[in-house]
Amino acid sequence: MTAAMTLTPNQTETLVRKLTALADDEIILAHRDGEWTGHAPILEEDIALANIAQDELGHAGMYLELRRELDGSDPDRLAFFRDVDGFTNVRLVELPKGDWAFTMLRQYLFDAYEALWLDAARASTYAPLTEVAAKAVREEKFHLQHTALWVERLALGTDESHRRTQNALNELWPYTAQLFQPVQDEEGLVEAGILPDLAGVRGRWEALVVPHLTQKCGLMLPAASAAAAAGRDTHTEHLAPLLAEMQSVARAVPNAEVW
Amino acid sequence: MTAPAHPDTQWPRWEVFKQDAPNRPYQAVGSVHAGDPDHALLTARNVFVRRPAAVSLWTVREADILTATPEEVEANPAVLDTPGEAGTYHLGLKRTHKRSMTFVDLVGTLEASGPGDALRQAREQHPDALTWLVFPESAVVRTDDDPGTVESWFAPAKDKTYKQQQYYGVIGRHVGELKREGRMPQRVNEEPHVGDHKVYDHPHDAVAKKVQP
Amino acid sequence: MTQMHPTETAEQHAAFNARIARGEKIEPGDWMPAEYRRQLIRMISQHAHSEVVGMLPEGEWITRAPTLKRKTILIAKVQDEAGHGQYLYHAAETLGATRGEMLDALLSGKAKYSSIFNYPTHTWADVGMIGWLVDGAAIKNQTMLAGCSYGPYSRAMVRICSEETFHHKQGKEMIVQYAQGTPEQRQMAQDALNRWWWPALMMLGPHDADSPNTGALAGWGIKLKTNDEVRQEFINEHAPELLEAGLTIPDPDLHQDESGNWIHGPINWDEFWAVVKGQQGLNKERLGARQQAHDDGAWVREAMQAYAARQMGQAAD
């Protein structure tokens, strides 16, 4: 266990930015997963996807607690009172839930990234992050088994399921590049050993997902596009309505002390 | 195997055997519907490990399990000749008429020439059992017992304390507490209120007036 | 006198009734009267359907839960409802019903589910009130059923009760907090009570005099208490607690009698039957949502089956 370390003001600011980005990804993805609860293809999968959604929300909570330690901000205030411009999730997670192939494939791509990022973050020199990573990575490994299994079965199942899975990949693949785009000044924290190097995570991610998608599942990788060029402050048209719904109850009683 | 006339849209059923702690017997806790062996095991985890009470899971396709009660064997002795593969068979027993949280406990294995033979041996070894249940080792799908699997399949449920009623502690007043303190409200709705404030006109005012003589 | 199938003998029935009288649990494979099996399948599948349809009214609020914690709790709760449906379908499957048949019966409108889930949810506080009252009422019923004579049903109920206690408590926590919260929150809590109090009383079923199945079910140890007994237990616990929380119960006739029981005013059974028959409430919408999920999921279930069939084919080669 590393002794408590002192962060410079710039490091603190960058870490706050990164933790918020990590949490935003989880909040928005969990929201999309939560839309399935009660509407999945079979009862057992209602249960499975609800498990994933709870885990992702739990991770968001842990990241925002780390942020609270740094700047005193309230996690729920952040989640329910920031506007679209303030959210810093990747565009991958805000796309509408689509069909089961789209949901499972997106979750697979994200789980693989998150599992590998967390695995690397276990070596962080920032002890609070190390602890969170060790906890969260256990759940991500389980998600990854579940979603990898589903992607394989949908890709190899029927002509229809193959077509739907390939369509989902065509749509999702260009959005994945953004997962590996650092936030402003992130490289400083990487040098200090506080955060994992995203290029390294990306290498491991590609080595994991590309053979699974192409060799095992028989899917075709679309050509990567320049979709990653814009940063985390740029969103699709889908985030604003999502937030309007998600924040509607909290904002109706803005002075509530407790919910 | 021929396809059933009316294919079930719900996939095959797999019996789930759960072990709650090391050295405890595996117990038949229910079943899941799943497509194939790997999927069945993942599904069993999602369904039966929402809360912490497992260290290991097995799933076995329903079609691979043979069960019989003494009455059933008497009525249909041919069940003891049920053909199938030779090898190691797991044996489960029901031993009580009382309420139990399992249908059977798994008690061990035996070598048999087929499911019927396994049942025959089970009956000889455990004549007092109320139900015998057998399935071949080859039909079992089980979780790995390496630390990584235990950590990612079974440990996380322990942290999900919000699913435990204890997480909520004592909320408001419980009726028992009100009684003990002699503070049980005796009359209701003299004046519609929330806390100390009248915030709502009584919803049944109209009805109340009607029923009054 | 219980109904006897033509192939059944009086001796079989006497032996079976003696087992029930001794408090023995009936398990799959044990001899049982056909009527016992039929009544159980009817009751258990209806109960399973209620859990599954019951995901919908609260599920609508997952996307709007006002804190991360509440959202997580609500997903866990609705997940449990799916899990309870799953346990219960299993219990009915041990009696020979298939889940496919049971779902067909639900979607075609042949099978019933608890009419409480046909009421709309208007505000976030309804989520809390459903937990406190609807799950509170359900627990009273389920605790009784946990003692029932059929082993798999009883086991499912024991699991479900212990999980439902979380549902009940999280709902109570919400409402008690809102009743002491901002004026908007208090109003929300009171409105929710106004809308859910009577449906919660009604969900425990018609008065004993109007409950045709109770006699046979009691004789077989399936139903150990009458509807009115369970309803009385529910009111005795919840009425004082709601009042203590500072809320007003929408029943001007509600009072405590000399024996300590809380006595409710007349129940509007016309409304109850209208909702049961789908003339009132969201019956069409609820079944429509289930049908849609079933239809949209068809290609997914087929894909899984095709994959499994191929895998088995390869294993057989």
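Modeller: Happy to! A word on terms: helices here are DSSP runs of H or I with at least four residues, strands are runs of E with at least two, and both are numbered from the N terminus. Please keep in mind that this is a predicted model. Let's take chain C, which has 13 helices and two strands. Its radius of gyration is 21 Å, close to the 20 Å that the globule rule gives for 317 residues, so chain C is as compact as a globular protein of that length. If you picture its C-alpha trace laid out along the principal axes, the spans are about 70 × 55 × 35 Å. Of the 317 residues, 53% count as buried.

Now for the helix pair. Two packed helices are described by the angle between their axes and the distance between those axes. In chain C, take helix α2 (residues 34-53) and helix α4 (residues 68-93): their axes come within 8 Å and cross at roughly 165°. An angle over 145 degrees counts as roughly antiparallel, and that crossing therefore makes α2(C) roughly antiparallel to α4(C). The crossing of α2(C) past α4(C) is left-handed. On the α2(C) side, the contact is made by C:I41, C:I44, C:S45, C:H47, C:A48, C:E51 and C:V52. Facing them from α4(C) are C:E81, C:H84, C:G85, C:L88, C:Y89, C:A91 and C:A92. Sorted by class, the residues of this contact are eight nonpolar, four polar and two charged.

Finally, the neighbour. Chain C meets chain B through 59 of its own residues, which are in contact with 52 residues of chain B. On the chain B side, the elements that each supply at least two residues are β2 (27-33), β4 (66-68), α2 (70-75), α6 (175-180) and α7 (205-211). Of that side, β2(B) provides the largest share, with three residues. By class, the side of chain B that touches chain C holds 20 nonpolar, 20 polar and twelve charged residues. Chain B also has a contact with chain A, which takes 13 residues from chain A and 16 residues from chain B.

Key: Residues are numbered from 1 along each chain as its sequence is written. Chains are lettered from A and ligands numbered from 1 in the order in which they are written. This is a predicted model: local features need pLDDT of at least 70, side-chain atom pairs count only at pLDDT 80 or more; totals for chains, interfaces and linings use all residues. Axes are lines fitted to C-alpha atoms, for helices over the stretch in contact, and angles run from 0 to 180 degrees between N-to-C directions. Angles under 35 degrees count as roughly parallel, over 145 as roughly antiparallel, 65 to 115 as roughly perpendicular and the rest as oblique. A crossing is left-handed if the near helix is turned anticlockwise from the far one by less than a right angle, and right-handed if clockwise. Two residues are in contact if their C-beta atoms, placed from the backbone, lie within 7 Å. Ala, Val, Leu, Ile, Met, Phe, Trp, Tyr, Cys and Pro count as nonpolar, Asp, Glu, Lys and Arg as charged, and the others, Gly among them, as polar. The radius of gyration is taken over C-alpha atoms; the globule rule is 2.2 Å times the number of residues to the power 0.38. A residue is buried if 20 or more other C-beta atoms lie within 10 Å of its own, exposed if 12 or fewer, and partly exposed in between; C-beta atoms are placed from the backbone.
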